[in-house]
Each structure stands twice: as C-alpha cells, then as structure tokens.
Amino acid sequence: MAPPAPDFGPDIDPYAAYEQQRDCDPAPKPGVAEFRDLVLAAYPGTTDLGIGRACGRGGPSEHKEGRAWDWGVDVHSQPHLADDLIGWLHGNDRHGNTHALARRFGIMYMIWNRRIWMANRASAGWQPYREKNPHTNHIHFSFSWAGALKETSWWHAPVAPDRRQRLAVGMSADGRLEVFHGAMDQVWHTYQHSPGGTWTAWQPLGGPAQATVALAASADGRLELFAMNADTFTHRYQIKPSAEWSAWGPFGAGGDHLAITHNHDGRLEAFASNAGGVHHRWQTTPNGGWVDWHPLGGPGRTRLAAAPAADGRIEVFAMNDDIFQHNCQTDAKGTWRDWADFGLGGDHLTVTHNHDGRLEVFASNPGGVHHRWQTTPGGSWFDWQPLGGPARARLAAIPSHDRRIEVFALNDDTMQHNYQTDTTGTWRTWQDFGGGGYFVQALRNPDGRLEIFANNPGGVHHRWQHRPNSEWTAWQQL
C-alpha cells in the first residue's frame, strides 16, 4: 500500500516547471534517493532500476543529473501497484489541491505504459508517449531541481502561501466581459459572445506559466493584459477596441506582484514588486508606448494596490508580511513622495473609491479584515478600523450601482460579503457568500449589476446580481 503522508495544511507547491538536463552529474540527488527508498519500502517485490546514467549514454535525460528514477514495476503482473502509487501521487488532498503529493515531491513528469503525465500540462492528463521505450516494465519519474534537492513541501512543510493574483476580469468597449486565468501551464481566456450573454469555451493564450495577471483598459477602450511570473513579464493588448489581440511581447523581468492603474490623462501606469522593492513604468501618451522601468523604492516582495485619487494623482499601497507602506504622486506631472508607513504587515489588500471620490483601503491578516479611508477626497487618512470577516482573506472591493462599497473576502475555507448600508459608511455584518477558494475579482456590468468571479480546485466560478443592488444568483461554473 502507499506510504503514509503527513497531514499537510492548505498551502502547496506550484506544479513543477519543465527543467531540461543541462549538465552531467549523475550522482543521485537526495530527494530522488529518498523518494526511491520510500516507494521500495512501501511496495515489496518491486525493484530499483536506477537513478544515475553515464554522461555518454543516450540523449538528454534527467538521469544524467541524478534527478530521475526508474521504478521497476511490471504492467502485466503488477499494474495494481503502479495504479496505487499513481493514485496516491495524483489524488486531491483534503483541501482540494489537485495532484497534491506529486507537487509536494516536485515530480516534473512520469512515463508509464506508453503514456506520459507532465506537471506543466497537468490539466491535459496522461498523453500518448511515442518514443521507442514503452515503459511497460518500469515507471520513470523526473524531478524538478527543488524536488531533487529536497526543497519542496514534502520535506519542509509548510510552504509559503501563493499570494499571486491569478484572475483578471474586465470589460471590452462593447460591454462584453472577459476573464483571464494565470494557470499552471499558461494564461487561459474566456469571454462573453455578447454583452450579458453566453461564454466561450476556455482558450489557451500562451504566456508565462503560473503568472500573476492584471487587466486594464487604455484611454481608447482597448484592453491590455499583463502577465508576470518569477522569471518574466509579458504584455499583450487588443489591436482595436473589442477586437483581436496582439501577440505577447516582453515587458520586463520577472517579479512577485503587480498592479495597473490610470494617470489623470488616461495613460496606464504599471507597478511591479521584487526583492529590490517597487518599480514602475508608464505610457508616454494615452494609448502610446511605454517608458523603461524606474525604481520607486519601498518594501520588497510586496502585494500591491494602486488607484487614482479624486484629483487624478496615483496612490500606491505596498504590503508584505511585515510592513505596509504608501506612496503617492504629489502632482499630475508624476512627481512622487517618499514612502510612508501605512500600517502593519498582512496577507492581502485592495483599494476602491467611495461615492465622493475618497479612497478606501482594505487589508486582511489573521484577525480578519481591516480598513481605513481618506477624510476628504485626496486628503489624509483615518486610522485603521477592524471590519471583522474571515482571516487571511483575499479581497475584492467595488462600488455598487448607487456608489456604496461592497467587499468580498475569500480564504481557503469560506467566502463572505459585506457592504455599506448607505453612503455615510455604515456597514452591515458579514454574510456567507460561498465556499473557500484561491482568488476573487469583482466588476460592475454596464447596467450596474455587480458580478463576482472566484476560482477553487473545481475551476473558475461566477455569480451576479439579478438587478442593480438586488439579490444574487447562485454560483455558476465558467
């Protein structure tokens, strides 16, 4: 039977990216050797067909870097053992994480009985394998470098939570909604056939794997899409409003988090964080090209939110686990202040506008959701106030049709909803709004109805108001 597994928490490693053999060092790597020992102990009668391979033997192979292993199991006499281990590796955990233990070991791909499963294309399932060796007397396991070196959560749980925003939603100039999902293999896209109408099937767009994504409309109504992972930052845009899209183009180096907002004259400005702090670049003219990246300072590896104040000056908020800081333009020319402390560190943040243009910021931590808001449009800020709600929640906030703010808070276990009862800023109590998940986004339809999008292990789902400021539909899967 399968080896015992620890009771892991909800945080989990991303699917292993494909890392081809580059050097030759066939000495067995510790994560591979200990995975081998674990499997052989659990399945007596199976055999070890080796980890390392001589540098001059055959073509490229992770065996030559000591990070692949062949488990001797026969398709005719021992298929139940192979199925048992694969089921153990590919099963969902109690938190709904798919292929959970394969991810925790850092398994990059497996080959068995003329089929191959690849972590960077996990949603495609097992695919035909047409190379000469049918792999009917063994399963081949290849590991990422993190898995091979015992740097994954099987060996070092818990993992750092993935706080990248992988959902982006927006509206084309003709009123059709569009949704983008930064999946494990690439960016995926779906959109309405007509405003308020049915949706297309999900379409692969390419782009970086495991990307944080953001969407914004240029001054002329064309949507622009931004996708960044740890290694690269790319960008594409509608060639005409509501029309076809350009190819992906380079936009910068990789980083941690990003935010996009508008300048007073409609020019887009992009903000991205990495270990060195916050950086930004902006369009030279509305709908035009972009200047190069400029450092803006601030804390490193921060989650970001940005919005224009009532007078058009951009305000930026940057939060990591330990610190929360704020910066803003001092004038419409794009001159910036120094960063100032804005609160303690936390998990997630978002910013939106009150009915009179005052900004309001929401942030989550283990104590729930907290908020602070400007005393006057473009002015100073009240102190933080607790708002309750679920702990460590991903947040979305948006003004309703009558300009009352509505907030949605999603963590691994639950989604809850709260809103102002009037424009003076009085709030209701939190109400259950659905089960737990990963990311949440909100927008307002052309007729004023709010629509919410969230994803969980079952995919992307949405629900919307029947009428502006009215009750909500049940969740529907996209």
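This is a predicted model: local features need pLDDT of at least 70, side-chain atom pairs count only at pLDDT 80 or more; totals for chains, interfaces and linings use all residues.
Residues are numbered from 1 along each chain as its sequence is written. Local features need pLDDT of at least 70, side-chain atom pairs count only at pLDDT 80 or more, and side-chain values use heavy atoms.

Strands are DSSP runs (E, at least two residues), numbered from the N terminus. In strand β11 (residues 212-217), five of the six residues are buried, so the strand is largely enclosed by the rest of the structure. Buried means under 20% relative accessible area, exposed over 50%, and partly exposed in between (1.4 Å probe, protein chains only). Six antiparallel bridges pair β11 with strand β12 (residues 223-228); pairing requires at least two DSSP bridges. Val213 stands opposite Ala227 in β12. Five residues separate the strands of this hairpin, where Gly221 has a positive phi near 95°.

An unreviewed UniProt entry annotates residues 168-435 as "domain: PLL-like beta propeller"; such annotations may be inferred rather than shown by experiment. The span is 50% strand and 0% helix, with its end C-alpha atoms 20 Å apart.

The structure holds 23 salt bridges, each a side-chain nitrogen of Lys or Arg within 4 Å of a carboxyl oxygen of Asp or Glu. Three of them are tabulated here.

| Pair | Closest N and O atoms |
|---|---|
| Arg301, Asp256 | 2.8 Å |
| Asp311, Arg313 | 2.8 Å |
| Arg467, Glu471 | 3.6 Å |

Arg301 is partly exposed at 47% relative accessible area, whereas Asp256 is buried at 15%. Asp311 is partly exposed at 46%, and Arg313 is buried at 12%. Arg36, Asp37 and Asp48 are linked in a salt-bridge network.

Note on methods. Helices (H or I, at least four residues) and strands (E, at least two) are DSSP runs, numbered from the N terminus.
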